[in-house]
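Let's take a quick tour of a protein fold, starting with its sheet and ending at a pocket. Have a look at the picture first.

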Amino acid sequence: MQETTMVRSGPAGTDKTLLIVDDDRPLRTRLVRAMEQHGFQVRDAEGVEEAMSMIADQPPAYALVDLRLEDGNGMSVVESLAEARPDARIVMLTGYGNIANAVTAIKAGAVDYLPKPADADQIVKALLNTAEEPLPPPPEDPMSADRVRWEHIQRVYEQCGRNVSETARRLKMHRRTLQRILNKHAPRP
């Protein structure tokens, strides 16, 4: 049986409203159920346009927003909610994590940035983390340095349209070295 965490007072006293914005329907459905079990009143949106409409109608106290959405960038949702409700606690969730995106999300108004897959307990901790707990505890099994490097190379490779020569140029490495790395399996996390 999963232990549920009770929601403390939200940014606006007892407001426990949460908006989940993710275009991955199965993930969004699981997150909605999990967050409801943790005491949140959840609304969900599939994309930027739907989320913007919900924010304009009734800005939530909390939000969990995916970075890349079918109809745009989740960063615009973060900015709109932060403007509509400055006390909202927003967590950015993404499968395309990097330091630049994390910094941008925090500057836009997010309070934390979690890589996918994140479990419900991690999300609740990030949403409810206050000044008493400046940082969440370190992960039990963090990614190895080799895995982080491999993920970075894969991301740049995809961003370059899977063009090995262009990727090698941008990463400042020899094309053959890059090809060897790309032909190997991903290192263990």
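In which sense do β1 and β3 pair, and over how many bridges? They pair in the parallel sense, over 4 bridges. Before going on, note that this is a predicted model, where local features need pLDDT of at least 70, side-chain atom pairs count only at pLDDT 80 or more, and totals for chains, interfaces and linings use all residues. Residues are numbered from 1 along each chain as its sequence is written, and side-chain values use heavy atoms, leaving out hydrogens and water.

**The sheet**
- Five strands make an open sheet in the order β2-β1-β3-β6-β7, with parallel pairing; strands here are DSSP runs of E with at least two residues, numbered from the N terminus, and two of them pair if DSSP finds at least two bridges between them.
- The edges are β2 (41–45) and β7 (110–115), each pairing on one side only.
- From one strand to the next, the twist averages 20°.
- Strand β1 (residues 17–21) runs parallel to β2, joined to it by 5 bridges, and T17 sits opposite Q41 in β2.

**Strand β3**

- Helix α1 (residues 25–37) lies across β1, β2, β3 (62–66) and β6 (89–94), and runs at about 170° to β2; helices are DSSP runs of H or I with at least four residues.
- Helix α2 (residues 48–57) packs on the sheet too, touching β1 and β2, and its direction makes about 140° with that of β2.
- Contact means heavy atoms within 4.5 Å, and angles run from 0 to 180 degrees between N-to-C directions of lines fitted to C-alpha atoms, for helices over the stretch in contact.

**A pocket to find**
- Look for the residues lining the second largest pocket: D146, R149, W150, I153, R180, I181, K184, H185 and P187.

Notes. 1 Å grid on protein atoms, 1.4 Å probe; cavity = no way out; pocket = protein on both sides within 12 Å on 5 of 7 lines; lining within 4 Å.
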